[in-house]
Amino acid sequence: MQIHVILNRHGGTLKTTDLDWLADFVKAEFALHGHEVSVEVLDGAALAEAIEAAARREAVDVLIVGGGDGTVSSAAAALEGRRTALGILPAGTMNLFARSLQIPLDLNAAVAALAAGRVVDVDIGMANGQPFVHQFAVGLHARLVRIRERINYGSRYGKILASIRATLMVLQRLPAIELEIEIDGVSQRIKTPAVAVSNNLYGDGHMPFADNPQGGALGVYICKSRNPPTVAKLAMDILLGTWRRNPALEVHTAQSVTVHFSGRTRHKRAVLDGELCDLEPRTVVKTLPRQLRVLVPSDADYHAPVPPTAEEPPSKG
């Protein structure tokens, strides 16, 4: 295969990595498996243009990006529905989509696993026509990101500390967003601190990422409490993967979700794959089953999520 690799010089752990060495290592590993490889090392400002250009090149079979979740999301959006597959060298803070694809988080191990890997088709979400691989969220998450952007941090660990600080600040004054949400044709009016829609349902016992990226359904999560300690407990349960047992969370699976918002303040009131965006009066979120080709380790073994428990409201979809 013809492989093109784009490394974000300022992406997470790549800031402190010898990128000349990494580029040579990538070329050597993929060459061992008979692939032809080219590598670009770029600053963040040049990434979007380079990703778009590589996505349009017919000769490229796999575009591999090295960086955080933002870089991965940009590449996935450019490759959605195309023949070219996406590969990920995880170098961000959370690396949630890489975890879902079962790509090792250690860079050396990730290179070796992908060099011997295979191409599969996985699901991708769409929010008003904008692709996403992880999550669309309204409310608490958007306020957290807005606060975090005002905090200076220069490293992966600095970003983690900034996120913790921002979370504590948000919990002191929770948002209360009034929405009408339609889940597979069933509508309800809600006033909530947070709503999130994920590309496939989150798994158990770990960070919020999908165990099965081929599950063919959106996960929908509605916070039912505006009590700060209760919401703090819920946030911790989501982070630890124990959210199924938390009564403050209403969970659904769906093919389509429509969020209606009539408030006046829309600027940067939503988050798409970790990046702030405007909250439109009407946002339609859909799943596109197996519309993204990805390079994954040859031993990746996806499995369906566990069905909802008795404590969790059943899907209305």
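Residues are numbered from 1 along each chain as its sequence is written, and side-chain values use heavy atoms, with hydrogens and water left out. Because the model is predicted, local features need pLDDT of at least 70 and side-chain atom pairs count only at pLDDT 80 or more, while totals for chains, interfaces and linings use all residues.

## Cores

In soluble globular proteins, nonpolar side chains tend to be buried together. Here a nonpolar core is a set of buried Ala, Val, Leu, Ile, Met, Phe, Trp, Tyr and Cys residues joined through side-chain atoms within 4.5 Å. Buried means under 20% relative accessible area, exposed means over 50%, and partly exposed is in between (1.4 Å probe, protein chains only).

The largest nonpolar core has 49 residues. Those with the most contacts inside it are Phe30, Leu86, Leu89, Phe97, Leu101, Leu292 and Val294. A second, separate core has 22 residues, including Ala127, Leu179, Ile183 and Leu218.

Contact means heavy atoms within 4.5 Å. Leaving aside neighbours within four places in sequence, Leu101 is in contact with Ile88, Val122, Pro213, Val294, Val296, Pro297, Ala300 and Tyr302.

Phe30 lies in helix H1 (residues 19–32). Helices (H or I, at least four residues) and strands (E, at least two) are DSSP runs, numbered from the N terminus. Phe30 is buried, at 2% relative accessible area. Not counting residues up to four places away in sequence, Phe30 touches Ile3, His35, Val37, Ile64, Val111, Leu114, Ala115 and Leu295. The C-alpha atoms of Phe30 and Ala116 are separated by 7.7 Å, although the two residues are 86 apart along the chain.

Helix H6 (residues 140–148) is largely enclosed by the rest of the structure, because eight of its nine residues are buried. The buried ones are Leu140, Ala142, Arg143, Leu144, Val145, Arg146, Ile147 and Arg148.

## Salt bridges

Side chains of opposite charge can pair when their charged atoms come close. A salt bridge is a side-chain nitrogen of Lys or Arg within 4 Å of a carboxyl oxygen of Asp or Glu. By this rule the count comes to six. The table lists some of them.

| Pair | N to O distance |
|---|---|
| Asp61 and Arg83 | 2.9 Å |
| Asp121 and Arg293 | 3.7 Å |
| Lys233 and Asp237 | 2.7 Å |

The salt bridge of Asp61 with Arg83 links distant parts of the chain, 22 residues apart. Asp61 sits in the loop between helix H2 (44–55) and strand S3 (62–67), and Arg83 in the loop between helix H3 (69–79) and strand S4 (85–90). Asp61 is partly exposed at 22%. Arg83 is partly exposed at 40%.

Asp121 forms a salt bridge with Arg293. Asp121 lies in strand S5 (residues 118–127) and Arg293 in strand S16, so the pair ties together parts that are 172 residues apart in sequence. Asp121 is partly exposed at 34%, and Arg293 is partly exposed at 29%.

Lys233 and Asp237 both lie in helix H8 (residues 228–240). They are four residues apart, about one turn of the helix. Lys233 is partly exposed at 46%, whereas Asp237 is buried at 7%.

## Cysteines

A disulfide is a pair of cysteine sulfur atoms within 2.5 Å. A search of the whole structure finds zero. The sulfur of Cys223 is 20 Å from the closest cysteine sulfur, in Cys277, so the distance is too far for a bond. Cys223 is buried at 6% relative accessibility. Cys277 is partly exposed at 24%.

## Positive phi

Asn200 is not a glycine, yet has a positive phi of about 80°. Asn200 lies in the loop between strand S10 (194–199) and strand S11 (218–223). Asn200 is buried, at 2% relative accessibility.

Arg290 also has a positive phi, of about 55°, and is not a glycine. Arg290 lies in strand S16 (residues 282–296) and is partly exposed at 45%.

## Surface patch

Leu161, Ile164 and Leu168 form a nonpolar patch on the surface. Patches are made of residues with over 30% relative accessible area and no salt bridge; like charges are joined within 9 Å, and nonpolar side chains (Val, Leu, Ile, Met, Phe, Trp, Tyr) within 5 Å. Together the three have about 310 Å² of accessible area, from the Shrake-Rupley method with a 1.4 Å probe; for residues, only the protein chains shown count as cover. Ile164 is found in helix H7 (residues 156–172) and is partly exposed at 47%.
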